[in-house]
Amino acid sequence: MDGDGRGIEREYRRWRKASRGRIVFAWIITGNCAFQMARPDSIPVRYKVLVLALIAALAVWGVLATLRGLTSVGADGVTVRGAFRVRGRAWHDIYDLRVEERPKQSRADVRWWTWLYDNDGCRVLLPNVDDWQLPDLRAEIDDLRTVAAAHRGMAWEPRPEVEARIRLRAGHRKAHERAVVGVVLAFFAGLMYLMWEVATGGEPHPFLLLLCAPLAVYALLLPFLRRLASRRAPAHA
C-alpha cells in the first residue's frame with residue numbers, strides 16, 4: 001500500500017509474491033498438461049492445439065492479473081484495475097466494504113479478501129486488499145471506512161433493501177457456479193467419450209459433444225437454479 005496512513009489517497013499493489021509451493025504446483029500442473037498433449041497418440045492434433053491454446057490463454061490472464069492488478073482509493077471513490085479492464089465506483093454508489101473469508105481455500109496464500117458492494121447489491125473484488133498483502137487487513141478496512149465516511153456523505157449503516165439485493169445476487173452467483181460445474185462435468189464427459197470413440201475407430205462428433213451438450217446443460221440448469229435462489233432469498237430478509 002502507498003499513501004500516508006489515514007489519508008484517503010491510497011493504492012494497493014502486489015508487493016508480496018505467492019508462496020513457493022503454490023508457484024511450483026502451478027508449474028507442475030501446466031507442464032504435465034503440456035506434456036500429455038505433446039505425447040504421440042491417436043488424438044487428432046487439432047484437439048491438442050485447442051487444449052494448449054486454452055492453457056496458454058489462462059496463463060496469460062494470470063500473468064496480466066498479477067502484474068496489472070491494482071486497487072486505487074481517492075476522494076472520488078474506488079477504482080479497480082484487473083487484467084483487461086478498469087472499473088470505478090463513486091463513494092455515493094458504494095454501500096459497503098466487507099472482509100470475507102475465501103471459501104474452500106484453507107491452505108491458500110489469501111484466506112481473507114475484500115469486496116466492494118454497491119447500492120444495487122453488486123460486488124467487486126478489490127485486488128491486493130487481502131490478508132496476504134496486508135497483515136492487518138481488518139484494521140486497514142476499518143480505517144478506510146472511517147476516513148471515507150466524509151466523502152460518502154452518509155454513515156456506514158445497513159439498509160434492508162440493499163441487504164435483500166445482496167442476498168438475491170449471492171443466490172444467483174451460487175446458481176451460476178453450480179451451472180458452470182455442470183458444464184465442466186458435461187464437457188469432460190464428452191471429452192472422455194470423444195477420446196474413446198477415436199481410440200476405437202468410431203465417428204466422433206466433437207461439435208455436439210464438446211460444445212452443444214455443455215451449452216444445453218447450462219441452459220437447462222441455470223434458470224432452474226436461479227428460480228430456486230429467488231424463492232429462497234426473501235425467506236432470509
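1. Basis. This is a predicted model, in which local features need pLDDT of at least 70, side-chain atom pairs count only at pLDDT 80 or more, and totals for chains, interfaces and linings use all residues. Residues are numbered from 1 along each chain as its sequence is written, and side-chain values use heavy atoms, with hydrogens and water left out.

2. Aspartate 130: charge. Aspartate 130 belongs to strand S7, residues 123-130. Strands (E, at least two residues) and helices (H or I, at least four) are DSSP runs, numbered from the N terminus. Aspartate 130 is buried and has no salt bridge. Buried means under 20% relative accessible area, exposed over 50%, and partly exposed in between, with a 1.4 Å probe and protein chains only. A salt bridge puts a side-chain nitrogen of Lys or Arg within 4 Å of a carboxyl oxygen of Asp or Glu. The nearest side chain of opposite charge is arginine 14, at 5.9 Å. Lys and Arg count as positive, Asp and Glu as negative; His and the chain ends are not counted.

3. Aspartate 130: surroundings. A polar atom of the aspartate 130 side chain lies 2.8 Å from the backbone nitrogen of glutamine 133. Setting aside residues up to four places away in sequence, aspartate 130 touches Val110, Trp112, Trp113 and Leu137. Contact means heavy atoms within 4.5 Å.

4. Aromatic pairs. The structure has four aromatic pairs. One joins tryptophan 113 and tryptophan 115: the ring centres are 5.5 Å apart and the planes stand at 80 degrees, so the pair is edge-to-face. Rings of Phe, Tyr and Trp (its six-membered ring) pair if their centres lie within 6.5 Å; planes under 30 degrees apart are stacked, over 60 edge-to-face, the rest tilted. Tryptophan 113 is buried at 19% relative accessibility. Tryptophan 115 is buried at 11%.

5. Charges over rings. Arginine 138 lies over the face of tryptophan 112, 4.8 Å from the ring centre. The charged end of arginine 98 sits over the ring of tyrosine 117, at 5.2 Å from its centre. The criterion is NZ of Lys or CZ of Arg within 6 Å of the ring centre and within 35 degrees of the ring normal.

6. Asparagine 128. Strand S7 also holds asparagine 128. Its phi is near 70 degrees, positive in a residue other than glycine. Asparagine 128 is buried, at 7% relative accessibility.

7. Arginine 178. Helix H4, residues 160-199, contains arginine 178. This arginine is partly exposed at 48%. Its C-alpha is 9.3 Å from that of tyrosine 218, 40 residues apart along the chain. Beyond neighbours within four places in sequence, arginine 178 contacts Leu221 and Leu225.

Notes. Polar contact = N/O pair within 3.5 Å; in protein donor to acceptor, adjacent residues only side chain to side chain.
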